[in-house]
Amino acid sequence: MTNKPYRVLCLDGGGIRGVYTATVLQQMAVRVARLSGKTQEEHLDLGANFDLIVGTSTGSILAVALAAGVALEDVSRLYREKAVSIFQRPMPLQDGCFSTKMRTLGWVLHNLFSPANESAPLRTALQPVLKEETLEQMFRRRNIALCVPTIDAESQRAWVFKTPHGARLTRDNNYKLVDVCMASAAAPVFFPMHAVKSPNPGVSAPHLFVDGGLWGNNPVLVGLVEALEFAAPGQKIEILSVGTCAGNKARTLNVVDAPRGSWQWRGGSDIVTLSLEAQASVYPYLASKIVQAMSDRVSLHRLLEPHVSGEESKHLALDANDQKSLDVLEMLGQRATDLNMSALTNSPQSSAEHAMVLDMFSNLNQLREDKQ
């Protein structure tokens, strides 16, 4: 039995809120480096500290980037610089004003027969970063396992893209990293389904994929199950779960709100959001109960999220691409870093769980620029 733990990083979906997650992870790495007296603070290779990385939707982009050896600063820059082109027609930020309701109605009507955004700009943004590398090539180069939830639209069944980190895992070897990200991030209403021609010889029919967030927006259970299968017998499993800061979107409802139609659900976009947020909130609880039943073998920690004001919450829409919203997400990420570092280092009785999380961000090497 090995003394080295099997480490898993699980990253939630949440559209443009990936800016928040990237900021938290990058700033946590910087703060722990300073805590340890390290001089290296930029382009740190956080992915190398994990055996398995799991990410859904926008979390898939972060997960793939970390596994492939892309700096989080570069991912944050991609979100900021490409947000306007990726989310070409964002829904108006909801502030309760009559004019906003009218603009929202226009948004719904405009997207009755097509999604709000085209997918080509997302591919254009990802291609220079991930290039033509496949899941198998990335795994052979980096030896980091990857799982990315999505949905096979034709069979209506869950599909998890996986690197060949086990002998039986060969189905997805030749899928390109770019296509994996786009398949997992194909949120209905917001983006078209992602069509991918099978890269396996002898097959010509394309697959259509839909956002994995519809069933696994918080992929912690995927990470836990995968770790239980592939960790060595008796090897301790350590899981870090990171959200996208949903904020406080609770609404005051009464019986007259019950008979909602497509308008009240804003063309279905609110149904997608409801599904994503509900899963993200309940899966950590379910995972924690499973972990409790497994005695001392598995440790699970979810990073704390900061308090979000009502004014800030309206900037946390999945497709908010304006500069103010991007600034709010980055600020919340820095606030979350302060909150978590305080909890991890100022506790009167430092726990083994706190030490585990700090160690996950410790002793990071700098990434080489030529990752390929």
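Of the 372 residues of the protein chain, 52% count as buried. Buried here is under 20% relative accessible area, exposed is over 50%, and partly exposed lies in between, with a 1.4 Å probe and protein chains only. A word on provenance. This is a predicted model, so local features need pLDDT of at least 70, side-chain atom pairs count only at pLDDT 80 or more, and totals for chains, interfaces and linings use all residues. Residues are numbered from 1 along each chain as its sequence is written, and side-chain values use heavy atoms, with hydrogens and water left out.

Overall picture next. The protein chain has 13 helices and eight strands. These are DSSP runs, numbered from the N terminus: helices are H or I with at least four residues, strands are E with at least two. The radius of gyration is 20 Å, close to the 21 Å of the globule rule for 372 residues, so the protein chain is as compact as a globular protein of that length. That radius is taken over C-alpha atoms, and the rule is 2.2 Å times the number of residues to the power 0.38. Along its principal axes, the C-alpha trace spans about 60 × 60 × 40 Å.

Now contacts, meaning heavy atoms within 4.5 Å. Take those in the protein chain with a separation of 6 or more: 79% of them come from residues 24 or more positions apart.

On to the strands. Strands pair if DSSP finds at least two bridges between them. Strand β1, residues 6-11, runs parallel to β7, with six bridges joining them. Tyr6 stands opposite Ile237. Strand β8, residues 298-302, is also parallel to β7, with five bridges. There, Ile239 has Leu300 as its bridge partner.

Asp172 sits in the loop between β4 (157-162) and α7 (177-184). Buried or exposed? Asp172 is buried, at a relative accessible area of 3%. Leaving out residues up to four places away in sequence, Asp172 touches Leu135, Trp159, Val160, Phe161 and Lys162. As for α7, eight of its eight residues are buried, including Leu177, Asp179 and Met182.

Last, the aromatics. A pair of aromatic rings is described by the distance of the centres and the angle of the planes. Rings of Phe, Tyr and Trp (its six-membered ring) pair if their centres lie within 6.5 Å; planes under 30 degrees apart are stacked, over 60 edge-to-face, the rest tilted. By this rule there are six aromatic pairs. Take Phe161 and Phe209: centres 5.2 Å apart, planes at 55°, so the pair is tilted. This pair links distant parts of the chain, with Phe161 in strand β4 and Phe209 in strand β6 (residues 206-211), 48 residues apart. Both Phe161 and Phe209 are buried. One aromatic cluster is formed by Trp159, Phe161, Tyr175 and Phe209.
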